[in-house]
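This short report walks through one protein model. Look at the structure first, then read on.

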Amino acid sequence: MELLQLRYFLAVARSEHVTEAARSLHVTQSSLSKTIQRLEEDLGVSLFDRVGRKLQLNEFGRRFLRRAERALFELEQGKQELSDLASPDHGTLELGVTSASVLPDILREYRKKRPNIQFHVQMLTTQEMVMLLERGEVDYCLSSPPIERDDIGCQIVFIDPILVAVPKGHRLADRNSVSLTELKDEWFVGVKIGYGTRDLMDAVCRSVGFVPHYVYEGDEPARLVNLVEAEIGIAFIPSTARNERAQIKYLQVETHEVVREIALLWHKSRYISPAALEFHEIVVEYFEAMSK
């Protein structure tokens with residue numbers, strides 16, 4: 001069994017399509033198919049079932065996938081550890097976030113201390129975050145809600161109140177607070193299902209007897225402020241994402257303590273470089289200062 005076979009197997013297992021996997025690996029379909037066939041011959045079992053033009057993992061494939069991911073995970077961690085030892089002041093910090101509102105200030109502080117470390121940030125749903133943490137493809141995630149799993153480290157760093165954002169000309173704009181039941185007939189703008197704040201507020205609204213009517217659902221939380229300002233709808237906005245310069249009034253939620261927990265996440269088995277550990281420290285210090 002060769003490492004190349006394992007990498008090709010993972011690509012096909014994740015895309016479930018030979019053409020897409022071959023394109024991502026920059027190899028021909030025939031070469032990829034032959035490599036998978038040799039792997040199956042080495043193992044003595046078939047790993048995929050063909051359904052139309054797609055390949056789906058069968059029971060043998062699903063069991064082998066967990067082992068293959070773990071093996072390649074450990075090898076990648078060893079490669080990263082040696083790279084950091086050879087060049088401790090260079091490399092890339094891989095980050096995932098469910099909301100990027102506080103990230104610019106954190107990255108600005110990090111760059112002051114580690115100017116030669118690059119960083120790559122992805123906006124992710126909670127499900128995508130878990131997947132990348134499992135694969136060892138991110139160093140840290142800033143997530144709301146927290147994720148409680150045995151293999152994932154989770155440190156809650158901030159309790160963030162959720163506010164109601166309304167345009168300055170709205171009927172509620174002269175108020176400082178509002179009850180959720182007063183919002184049942186409003187039009188809302190928000191992020192898609194799967195993002196922490198959306199899922200949290202949908203559940204809270206259902207608990208008081210209504211489901212928010214969304215006229216816009218996107219994957220860029222920062223755009224919501226512009227949509228509220230344009231009077232497209234109102235929005236639930238975390239306090240850390242409020243924009244005081246916009247023509248928006250932010251209202252407290254009455255009778256319900258509506259907050260989101262922001263957590264820093266990491267995979268417990270992933271190698272954490274000194275540069276990544278310093279990012280952890282900066283995040284904790286940033287939110288401690290914000291709490292004061």
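## The largest cavity

In this predicted model, strands β5 (140-143) and β12 (259-267) each supply at least two residues to the lining of the largest cavity.

How many cavities of 30 Å³ or more does the whole structure hold? The search finds one. The volume of the largest cavity is about 70 Å³. Rolling a probe the size of a water molecule over the atoms shows where such empty space is left.

The peptide bond from S144 to P145 is cis. Its omega is near 15°. Most peptide bonds are trans.

Where does P145 lie? P145 is in the loop between β5 and β6 (152-167).

## The largest pocket

The largest pocket has a volume of about 690 Å³. It has 29 lining residues. The closest to the pocket centre are E76, R135, G136, E137 and R270.

Which elements each supply at least two residues of this lining? They are α1, α4 (59-86), β3 (91-97) and α9 (274-291). Helix α4 gives the most, with eight residues. By class, the pocket lining has eleven nonpolar, eleven charged and seven polar residues.

## Aromatic contacts

The count of aromatic pairs comes to nine. One of them joins F188 and F236. Their ring centres are 5.2 Å apart. Their planes meet at 25°, which is under the 30 degrees cut-off, so the pair is stacked. F188 lies in strand β8 (residues 187-191) and F236 in strand β10 (residues 235-238). The pair therefore ties together parts that are 48 residues apart in sequence.

Y110, Y140, W266 and F279 form one aromatic cluster.

## Cysteines without disulfides

How many disulfides does the structure hold? It holds zero. C141 is in no disulfide, and the nearest cysteine sulfur, that of C154, is 11 Å away. A disulfide needs two sulfur atoms within 2.5 Å, so a separation of 11 Å rules this pair out.

C141 is buried, with a relative accessible area of 1%. C205 is buried too, at 0% relative accessibility.

## Two residues with positive phi

Most residues other than glycine have a negative phi. Two exceptions follow. E16 is not a glycine, yet its phi is positive, at about 55°. E16 is found in the loop between α1 (3-15) and α2 (18-25). It is partly exposed, with a relative accessible area of 25%.

H26 has a phi near 60°, again a positive value in a residue other than glycine. H26 is in the loop between α2 and α3 (29-43). Is H26 buried or exposed? H26 is exposed, with a relative accessible area of 73%. That value is over 50%, so the residue counts as exposed.

## The whole protein

The protein has nine helices and twelve strands. Its C-alpha trace spans about 70 × 50 × 30 Å along its principal axes. How much of the protein counts as buried? Of its 292 residues, 46% do.

Methods:
Residues numbered from 1 in each chain as written. Predicted model: local features only at pLDDT ≥ 70, side-chain atom pairs only at ≥ 80, totals over all residues. Heavy atoms only, no water. Buried < 20%, exposed > 50% of the residue type's maximum accessible area, 1.4 Å probe, protein only. 1 Å grid on protein atoms, 1.4 Å probe; cavity = no way out; pocket = protein on both sides within 12 Å on 5 of 7 lines; lining within 4 Å. Points joined across faces, edges and corners; volume = space filled by probe spheres on them. Helix = DSSP H or I, 4+ residues; strand = E, 2+ residues; numbered from the N terminus. Phe/Tyr/Trp six-rings, centres within 6.5 Å; stacked < 30°, edge-to-face > 60°. Nonpolar A, V, L, I, M, F, W, Y, C, P; charged D, E, K, R; others polar.
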